[in-house]
Structure formats: C-alpha cells, structure tokens
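Please keep the structure open as you read.

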Amino acid sequence: MRRLFRSVDPYQWVVVGAVALVALIGRLAGTTFDTDPIAAHPLVPTWQLLDLSLLRHHLLGSLAVLHMQPPLYNLAIGLLLRLPGPLQVPVAEVVLFACAAASAALTLASMSLLGVPRAFALGVTLVFVVLDPAQFLYAMTPFYVAPTAALMTGLGYLAIRMAQAPTAATAAAFAACGAVLALWTTLWQPLVFLGLLALTLMLLPADRRALAKGMAVPAAVLVAWSLHTTVSFGTPMTSTWLGMNLARVTVYAAPRETVVDLVRQGRLRPIATVHPFAALGVYGATPDRSGPPALTQVTKADGSPNENNRAYIGVSRLTLADDLRFIALEPRQYAVNVFGSLSLWFTPADQYFTLHAAPTATYRAVYDRYVAWQPAPYEHPDGRHIPTSTRWSRLSVFALAVWGCVLVGVPTVVAVTYRRRHHRAVGLVLLWLLVTVPLVVTSLAEYGENNRLRFEVGTAPITLFAVVAATAARSLGARRRAEARPLPSGVGAG
C-alpha cells in the first residue's frame, strides 16, 4: 500500500481532495442527492429506463429485449435497486463521487502524458474541471451523465497510453473501456468504435499484431451485441430512437406552419406533426401485445410511456423517413436548425433543464459569468424546448475558445509533430476523434440537450486546449530566446 501511495503523483491527491472538498461544501450549502430517476413517482420520468419493477424483478430477461437504449445503464440501475433500500442512495453517491474524482484525476494524468507542464496542468484541472459546477451537480443524481463523462475521460487517457506504449495490455484496456462506453451510452455506437479500433491499427502498423491481440475480446463483444440487435430489432445501433431523435432537429425544430403545409401537400406523413417521444396513442400506433413485459408494456408504473414497446420501432422508422425527406425538401431550414443545435453545445452544462439545485445558484451564476465567460445565462424550461433564435450572449466564450483550439489547434500540432513524435501525435489524433465525432453527430441529430451532451464528452477538450496552449507557449518562448541570442562575431556587418 505504501508503494502505491508513493507511486501516485502528489498532484493527483490534491485534485481528488479538491473534488471531495467541493462535494462537502455543496452538501453543507444544502444541496441534496436527487433520487428522481429511481423514485416510484418521479417528477421528471427517466425515459431511458425500463419500468423499475422490471429492473428489480426481471432484470436479465428485460435487458435481453432492450432496444431503446444500450443495456448497461439499465443494468446498473437494476443492480442498484436490488440492494437493500437504505443502501441504495449511499452506494449511488459513492459511485458518482468516484466518477467525478476519476474525471479530474484522469484529466491531470492525460495532460502529464502529453507533456503539459505539471503546475499549468494542475491549475487547469482545478479551475476548469474540479470547480465547474456541472461536475458536482451531475454527480448528485443517478443519471448516466457523470459515468459517461468519466468513461469518456478515461477512454481518452487510455488512448494516449496505448499510443505511447502500444502493447496488448494497453490496447485491451482501451478497447474494453470503449466497449463499456458503447454499451452504456448512445454517444459512441459499437460500429463507430470498431472503426476507431481499425484506424488505430492503421496508424500504428509496427505494433499491429500486439494491438489486435489486445482488442480482440472487447471487439468481439461489440460485434455480438450488434448482431443481436440487428437480428432482433433490425438495427446494428444500440438504440432504435434515431428517427425520433432526428425529428427534434428537423420537423419539430422547424416552423409549425412549414411542417403542416408539407403534410397537407402529401410530401410528409401526418406523423411529422407529432411531438417526438409522444405516447403511442398520439402517434396512432397500435401497441405490441405479444412478448415479455419490457416489449409489451404501454405505460410504466410512473405513468410515463414505455418507449421500449416494440411498436416504437415502427414509429421511429416512419419518423426517420419523414426526417430525411424534410432535410431533402427544406435543406436551408435544416441548416438553421443545426446551427441552433451547435450554438446550444456552447452553453454551460450546468444550465441543463433538470439541474435545479437552488443552493448552488449563486455560485453557478458567478462561475458561468466570470470563468466560462457567458455574458447572459440560458435556462431552458425542458429538454424539448427549441429556441427560436440564437443569442450570442448565451454562449460561453471559454467553450468557444476551447473548441477552437480542438478543431484548429490540435490538427496543427499533429501536423508539426507527426514525424518527429509519431506516437504522441497518434494519441492526439485518437483524442481529437473522441471529441469531434460526438460534436458532429449530436449537432446533426439532436436539439435541446446539447449542453449536457458536451459535458458527456468528458474533459478531453480541456486536455487538448491545455496541450495547444502549452505548445504555443513553448514555441513562442523558443522564438524569443532565439531572437535574444547574440549573433556570432562578424555576422551582419555590412
């Protein structure tokens, strides 16, 4: 044990201690743990969960027919519900605190691997990760957000480790973390992550055999689950909600009169006018009545629709067809909607509609105003709300600067260092892909919750921002030293 403590960077203990201190202060301020997702009668039903009674009493059978979401979040809640009642909340709190601590510690470790000066890395981690109110608030509810952010941050760290030390062990760790992530959230689909593994083998040809050996088992798990969903539900994706999700940035985000007019002309189906994720009766769909309860239940015990009813698969397919037809008919309107979706990505994640922790309101306002540099707050009433216009004052200047460094600065650093520091450059490429793919996908196919989705990407954008800043500072320092160096005798004499 002493050897373990001595081998850990002391700065890591500083970061973890700071996370604990923030959590303690938040609790002393009066913030309470949000048990809504696991409550019998929640204020805001969690659509991503099956009926809690099914998770408690028929867990494995229900997971086998789960098509609306990846299985691991429902598995985690099911296991939590099987604990004795008094233990459920404390266990959830410990796990989510561990997620917040891991996100901060892995951020610092990632920067260290990429050569960011330790003191600068510590400062960035404390200010932009530990003190970010979103880190504390998302760790106060048993939703899948905080674990997703921790998994994404961990995946980025393991990508760097694998690129710098490409062995079967590091590849296995990277692929296993990615497999867990792909079966936990829709942010990374199994087939997309398998493509990333294939790209890794291409970027590191000298180590291909060892890497492939380490990746084999996690890749096989992802292939097996994709085959299961393809055979059972007709899609290799981990969710059948694509059509309803895309509707939020197509027909639902468009002016109502435009959609109604297209329906009247027969160019869209009447389903295009229905609110995404509505009850089956609103869609005019007949519920599936054959099969296990997870597939046939129409309404869950909390009164919300069971979005895993098999009939929703057909609804989503019809909706997807109309979504794509709308994009073809109204490309300009779709571009406007995507721009609005992208703008919401750059608002602070603590302004997500379910985070109503009143005791932290003042701190959040101060942090968002003076650290995130957001001139005016943006609090939308629910995740289905679509802003009618983009107000630049709602955007976080710091978020814009971070993603500017990610999208422009990182490719520049990679181009300069790819031959000289190949393995480090490959790590940057993998990290860059891990954050830019979700940015593109969520902007094109989601609207209303993009600030939360940016948080789920984890802290890799902060890491990349620090790398670009440190690289620029080193380059500028080297140039100034070169300019200050006296010229050799006789040089420059006319």
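## Helix packing and contacts

Let's start with helix 10 (residues 168-182) and helix 12 (residues 208-233), whose axes come within 7 Å and cross at roughly 20°. That makes helix 10 roughly parallel to helix 12, and their crossing is right-handed. On the helix 10 side the contact involves Ala168, Ala171, Ala172, Ala175, Ala176, Ala179 and Ala182, which meet Ala210, Leu211, Gly214, Met215, Pro218 and Leu222 in helix 12.

The model is predicted: local features need pLDDT of at least 70, side-chain atom pairs count only at pLDDT 80 or more, and totals for chains, interfaces and linings use all residues. Residues are numbered from 1 along each chain as its sequence is written, and side-chain values use heavy atoms, with hydrogens and water left out.

Helices are DSSP runs (H or I, at least four residues) numbered from the N terminus, and contact means heavy atoms within 4.5 Å. Axes are lines fitted to C-alpha atoms over the stretch in contact, with angles from 0 to 180 degrees between N-to-C directions. Angles under 35 degrees count as roughly parallel, over 145 as roughly antiparallel, 65 to 115 as roughly perpendicular and the rest as oblique. A crossing is right-handed if the near helix is turned clockwise from the far one by less than a right angle, and left-handed if anticlockwise.

| Helix pair | Axes | Angle |
|---|---|---|
| Helix 11 (residues 190-203) and helix 21 | 11 Å apart | about 165° |
| Helix 17 (residues 311-329) and helix 18 (residues 331-345) | within 5 Å | roughly 110° |

Helix 17 is thus roughly perpendicular to helix 18; here Phe326, Ile327, Ala328 and Leu329 meet Pro331, Gln333 and Tyr334. Helix 11 and helix 21 are roughly antiparallel to each other, and their crossing is right-handed.

What about charges? The whole structure holds 11 salt bridges (a side-chain nitrogen of Lys or Arg within 4 Å of a carboxyl oxygen of Asp or Glu). One of them joins Arg248 and Glu449, with the closest N and O atoms 3.2 Å apart. This pair links distant parts of the chain, 201 residues apart.

Technical notes
Helices (H or I, at least four residues) and strands (E, at least two) are DSSP runs, numbered from the N terminus.
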